[in-house]
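Reader: I would like to learn how to read a few features of a model. Please take them one at a time.

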Amino acid sequence: MWILFACLSSVFAAFTAILSKLGVKGTDSDVATALRTSVVLLLSIAVTFITGEYVKIIEVSWKSWLFLIISGFATGASWICYFKALSLGEVSKVAAVDKSSVILTVLFALILFPEERSNWWIKLLCLSSIGVGTYLMMDFKKTPNGEDKKGKGWLLFALLSAVFAAATSILAKIGIENVPSNLATSIRTVVVLLMAWAIVLGKRKAPFVKQVPKKDLLFLVLSGFATAGSWLCYYYAIAQGQVSVVVPIDKLSVLLTVLFSVLVLKEKLKWKSWLGLGLLVAGTVCMAVFA
């Protein structure tokens with residue numbers, strides 16, 4: 001069952017990236033993060049009350065609170081970097097680099113959790129394929145003088161997003177122990193929301209909220225729905241299964257994201273990028289099937 005939820009998380013995550021890209025066209029990335037997080041929190045709290053898991057909040061240990069809160073900060077940092085990368089670069093490349101967080105996540109899981117070390121050599125081979133595939137997809141468009149057209153700012157933010165995302169998965173795996181997955185999602189989202197709006201207010205971007213185009217707002221709200229669906233499925237999956245398998249399945253969302261970016265956003269991919277996508281997907285599938 002947890003594999004099914006990991007797959008659903010992947011599908012929702014793909015829609016999240018697509019809708020987020022559409023939602024930041026005319027909107028500040030920090031404001032976009034805060035608005036989307038607000039939607040996610042409302043939905044996650046609603047699910048917590050519908051399932052009745054909210055009554056168990058008094059049973060959450062201090063250790064779980066600590067790791068869930070730190071995980072929330074890591075998630076907030078990942079989102080802020082991800083939205084910034086999307087505003088600067090092409091969604092196909094940003095998504096590929098962001099999904100490379102699977103490499104760090106699996107390595108950390110192998111080191112920290114003994115139960116994750118089964119078939120470790122298969123996992124490392126799959127990670128090699130994912131790493132090479134990600135590198136090939138990081139294709140830069142060159143001008144005649146050899147410089148990158150758009151600069152590499154998006155790459156820095158995408159890499160930071162991947163690092164924070166990896167930390168999120170490991171911290172959440174520890175914090176979610178003996179805590180209902182929906183309740184854990186709500187706790188973490190509160191932290192992300194506070195962090196996101198603190199940045200908006202700290203940078204004096206609050207007036208920008210009223211300036212968000214209606215079209216962008218619609219896409220951001222839909223992105224929030226997709227994110228909530230992805231999170232609820234994802235944290236149920238890591239609570240029930242192996243994080244070193246759940247994370248690669250979740251990262252398969254990059255396939256749908258890239259296909260959409262090509263078909264709808266009209267982004268152009270070279271043969272090298274397609275080869276990289278193939279290696280990335282192949283490594284992920286093999287991780288899910290054989291590891």
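Reader: Does Tyr54 count as buried, partly exposed or exposed, and at what relative accessibility?

Author: The model is a predicted one. Tyr54 has 37% relative accessibility, so this residue counts as partly exposed.

Reader: How many aromatic pairs are there?

Author: Rings pair if their centres lie within 6.5 Å. The count by this rule is 5 aromatic pairs. One of them joins Phe49 and Tyr54: with ring centres 4.4 Å apart and planes at 15 degrees, the pair is stacked, because planes under 30 degrees apart count as such. Phe49, at 51% relative accessibility, counts as exposed.

Reader: What is the geometry of the aromatic pair of Trp79 and Trp231?

Author: That pair is tilted, at 4.9 Å centre to centre with 35 degrees between the planes. Trp79 belongs to helix H3 (residues 62-88) and Trp231 to helix H9 (residues 214-240), so the pair links distant parts of the chain, 152 residues apart.

Reader: Are Trp79 and Trp231 buried or exposed?

Author: The cut-off for buried is under 20% relative accessible area. Trp79 has 8%, so it is buried. Trp231 is buried too, with a relative accessible area of 8%.

Reader: What surrounds these rings?

Author: Trp79 and Trp231 form one aromatic cluster with Tyr234 and Tyr235. There are also charges to look for. The charged end of Arg36 sits over the ring of Trp79, at 4.1 Å from its centre, while Arg188 lies over the face of Trp231, 4.7 Å from the ring centre.

Reader: How are two packed helices described?

Author: The description uses the angle between their axes and the distance between the axes. For helix H4 (residues 91-98) and helix H7 (residues 153-175), the axes come within 8 Å and cross at roughly 35 degrees. The crossing of H4 and H7 is right-handed.

Reader: Which residues make the contact?

Author: H4 contributes Lys93, Val94, Val97 and Asp98, and H7 contributes Trp154, Leu155, Ala158, Leu159, Ser161 and Ala162. By class, the contact of H4 with H7 has 7 nonpolar, 1 polar and 2 charged residues.

Reader: Where does Asn119 lie, and what is its phi?

Author: Asn119 is in the loop between helix H5 (101-112) and helix H6 (120-137). Its phi is near 55 degrees, a positive value in a residue other than glycine. With a relative accessible area of 34%, Asn119 is partly exposed.

Reader: What about Arg204?

Author: Phi of Arg204 is also positive, near 55 degrees. Arg204 is placed in the loop between helix H8 (181-202) and H9, and is exposed, with a relative accessible area of 73%.

Terms used: Residues numbered from 1 in each chain as written. Predicted model: local features only at pLDDT ≥ 70, side-chain atom pairs only at ≥ 80, totals over all residues. Heavy atoms only, no water. Phe/Tyr/Trp six-rings, centres within 6.5 Å; stacked < 30°, edge-to-face > 60°. Buried < 20%, exposed > 50% of the residue type's maximum accessible area, 1.4 Å probe, protein only. Helix = DSSP H or I, 4+ residues; strand = E, 2+ residues; numbered from the N terminus. Lys NZ or Arg CZ within 6 Å of the ring centre and 35° of its normal. Axes fitted to C-alpha atoms, helices over the stretch in contact; angles between N-to-C directions. Left-handed = near helix turned anticlockwise from the far one by under 90°. Contact = heavy atoms within 4.5 Å. Nonpolar A, V, L, I, M, F, W, Y, C, P; charged D, E, K, R; others polar.
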